[in-house]
Amino acid sequence: MFLLGSPFQKQVWDELKKIPFGETRSYSQIALAITRPCAFRAVAQANGANQVAIVIPCHRVINANGDLGGYGGGIARKKWLLDHERRN
């Protein structure tokens with residue numbers, strides 16, 4: 001799959017693809033996983049720039065406190081996707 005993005009964004013998107021179905025990770029956890037622990041805000045921006053939602057599961061990334069955070073498709077859709085994955 002060809003994606004337009006910076007090397008950093010592609011690194012974040014590759015990490016998002018590793019999040020198992022029905023699970024979530026925080027922006028901080030993604031930043032740690034790519035060995036950029038202070039880059040959680042940049043991770044959030046890269047997450048928001050994802051061009052192929054669902055294929056690259058940006059909806060599985062939440063705030064460190066457990067809140068859903070943002071989602072380009074809307075919070076209600078993000079909640080529905082996460083609930084759907086947890087049920088299945």
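The report below goes from the overall layout to the helices, the core and a few loop residues.

## The chain as a whole

What you see is a predicted model. The mean pLDDT of the chain is 94, and 99% of its residues reach 70 or more. Among the elements, α2 has the highest mean pLDDT, at 98, while α3 has the lowest, at 95.

Along the principal axes, the C-alpha atoms fill a box of roughly 35 × 30 × 20 Å.

How much of the chain is buried? Buried residues account for 34% of the 88 residues. The accessible surface comes to about 5,300 Å², and 55% of this belongs to carbon and sulfur atoms.

Among contacts between residues at least 6 apart in sequence, 54% join residues at least 24 apart.

## Helix α1 and its buried face

Helix α1 covers residues 7–16, and its buried residues are Phe8, Val12, Trp13, Glu15 and Leu16. Looking down the axis of α1, you would find these buried residues within an arc of 160°, so they line one face of the helix.

What do the buried residues of α1 pack against? Their partners are α2 (27–33), α3 (40–48) and β2 (61–62).

In α3, the buried residues are Val43, Ala46 and Asn47. They span an arc of only 100° around the axis, which puts them on the same side of α3. Arg41, Gln45 and Gly48, on the other side of the helix, are exposed.

The cover over the buried residues of α3 includes α1, α2 and β2.

In soluble globular proteins, nonpolar side chains tend to be buried together. Here, the largest nonpolar core has 18 residues, and those touching the most other members are Phe8, Val12, Trp13, Leu16, Ile30 and Val43. Each of α1, α2 and α3 supplies at least two residues of this core. The largest share, 4 residues, comes from α1.

Leaving out residues up to four places away in sequence, Val43 touches Phe8, Val12, Tyr27, Ile30, Ala31 and Ile34.

## Residues in the loop between α3 and β2

Is His59 buried or exposed? This residue is found in the loop between α3 and β2, and at 1% relative accessibility His59 counts as buried. Beyond residues up to four places away in sequence, His59 touches Ile54, Tyr71, Lys78, Leu81, Leu82 and Glu85.

Val55 is found in this loop too. Val55 is exposed, with a relative accessible area of 51%.

## Leu68, in another loop

Leu68 lies in the loop between β2 and α4 (75–87). With a relative accessible area of 23%, Leu68 is partly exposed. Apart from neighbours within four places in sequence, Leu68 is in contact with Val61, Ile62, Asn63, Ile75, Lys78, Lys79 and Leu82.

## Two backbone angles to look up

Most residues other than glycine have a negative phi, and most peptide bonds are trans. Thr35 has a positive phi, near 55°, and is not a glycine. Thr35 lies in the loop between α2 and α3 and is exposed, with a relative accessible area of 64%.

Ile54 also has a positive phi, of about 80°, although it is not a glycine. Ile54 is found in the loop between α3 and β2 and is partly exposed, with a relative accessible area of 48%.

Methods: Residues numbered from 1 in each chain as written. Heavy atoms only, no water. Buried < 20%, exposed > 50% of the residue type's maximum accessible area, 1.4 Å probe, protein only. Arc of directions from axis to C-beta. Contact = heavy atoms within 4.5 Å. Core = buried A, V, L, I, M, F, W, Y, C linked by side-chain atoms within 4.5 Å. Areas by Shrake-Rupley, 256 points an atom, 1.4 Å probe, with all protein chains shown as cover. pLDDT = per-residue confidence, 0-100.
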